[in-house]
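Dear colleague,

Please find below the structure that I am handing over to you. My notes on what was found follow directly after it.

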Amino acid sequence: MAGFRSLARQVRDPRSDLALRRYSLRKCLERFAPYGHRATWDHLCARHGIGPEDRAPDPVRLIRALEELETARAVWLGYEAGFAERRRREKHDGLRRPGAFDDWHRRTWGGNGVARCDDPAVHPAAPLAEVLVRLISALESEPGTGCPVCAQARIAWRQDLDSEPWSGPVCTGCGIVVPRSVLTQAALAKARRTRLGHLASAA
C-alpha cells in the first residue's frame, strides 16, 4: 500500500494522467484527513476551485490542494512527535496508563479526524494547517468556553455522530466535533442543554 509521500509524488508527476493524479490526491486522504475523508475533500475542492467530481482537474489546482494538505500534515507530525516524547517521559516516571486527555489522541491516530466534521459539507474555511495550530494550542492550554477553531461559543451536543465518539459537542459555527478536553465543565453542560439545529456551511 502506497504511503502519503509516494502518493504525493504521483499527484505531482506531470507524466501521469490527470485522472490518476486526482485519484492519488484522494488516496492521500486515506492517510491524512483532518476533517474526515469526505469533509477534507470537500474543503480542498472548495478552497482550490476543483470540481468534486471533475476527473481531469487543473493540475495547478491539484498541486495547491496537495500543498495545503502537506503543510497541515507537517503541523500534525510535529504534534505527534511532541506527544510521543511526552508519553516516553511519563512512562519513565511511572505513569503507564494514558490519561483521559489522551482519549482524543487515541481516536485520531495518524491525523484522521483530528478536527472531525460530522457533516462533510460543513467545515472551517481557514487553511487546514491554521485550524490544526489553533486546535493543538487549545489542547495544550487550559479549557475554554468556545470553539478552539473559530472561537464561537455556539456549541451544541449531538447524540448521533457518525464515528467515535458517538456523541459529543459540535461547533455550530465551523462544524467540528470539539474535543471535550478543551472545554470547561460549564461549557460542556451548556452544550448538553443545547439542541443542535441545522449547520450552515462555513466553507
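I begin with Ala 125, which has a relative accessibility of 42% and therefore counts as partly exposed, since that class lies between the limits of 20% for buried and 50% for exposed. Please keep in mind throughout that this is a predicted model. Ala 125 sits in the loop that links helix 5 (103-107) with helix 6. Its C-alpha lies 7.8 Å from the C-alpha of Arg 47, although 78 residues separate Ala 125 and Arg 47 in sequence.

Which loop holds Ala 151? Ala 151 belongs to the loop between helix 6 (128-139) and strand 1 (155-158). With a relative accessibility of 64%, Ala 151 counts as exposed, because the limit for that class is over 50%. Ala 151 is not a glycine, yet its phi is positive, at about 70 degrees. As a general point, most residues other than glycine have a negative phi.

I turn now to the chain as a whole. The chain contains 7 helices and 2 strands. Read from the N terminus, the order of its elements is α-α-α-α-α-α-β-β-α. The chain has 203 residues, and 45% of them count as buried. Its accessible surface amounts to about 10600 Å², with 52% of that belonging to carbon and sulfur atoms.

In general, two packed helices are described by the angle between their axes and the distance between the axes. Here, the axes of helix 1 (residues 4-12) and helix 2 (residues 18-28) come within 8 Å and cross at roughly 155 degrees. Helix 1 is therefore roughly antiparallel to helix 2, as angles over 145 degrees are placed in that class. The crossing of these two helices is left-handed.

Which residues make the contact between helix 1 and helix 2? On helix 1 they are Phe 4, Leu 7, Ala 8, Gln 10, Val 11 and Arg 12. On helix 2 they are Arg 21, Ser 24, Leu 25, Lys 27 and Cys 28. By type, the residues of this contact divide into 6 nonpolar, 2 polar and 3 charged.

With kind regards

Key. Residues numbered from 1 in each chain as written. Predicted model: local features only at pLDDT ≥ 70, side-chain atom pairs only at ≥ 80, totals over all residues. Heavy atoms only, no water. Axes fitted to C-alpha atoms, helices over the stretch in contact; angles between N-to-C directions. Helix = DSSP H or I, 4+ residues; strand = E, 2+ residues; numbered from the N terminus. Parallel < 35°, antiparallel > 145°, perpendicular 65-115°, else oblique. Left-handed = near helix turned anticlockwise from the far one by under 90°. Contact = heavy atoms within 4.5 Å. Nonpolar A, V, L, I, M, F, W, Y, C, P; charged D, E, K, R; others polar. Buried < 20%, exposed > 50% of the residue type's maximum accessible area, 1.4 Å probe, protein only. Areas by Shrake-Rupley, 256 points an atom, 1.4 Å probe, with all protein chains shown as cover.
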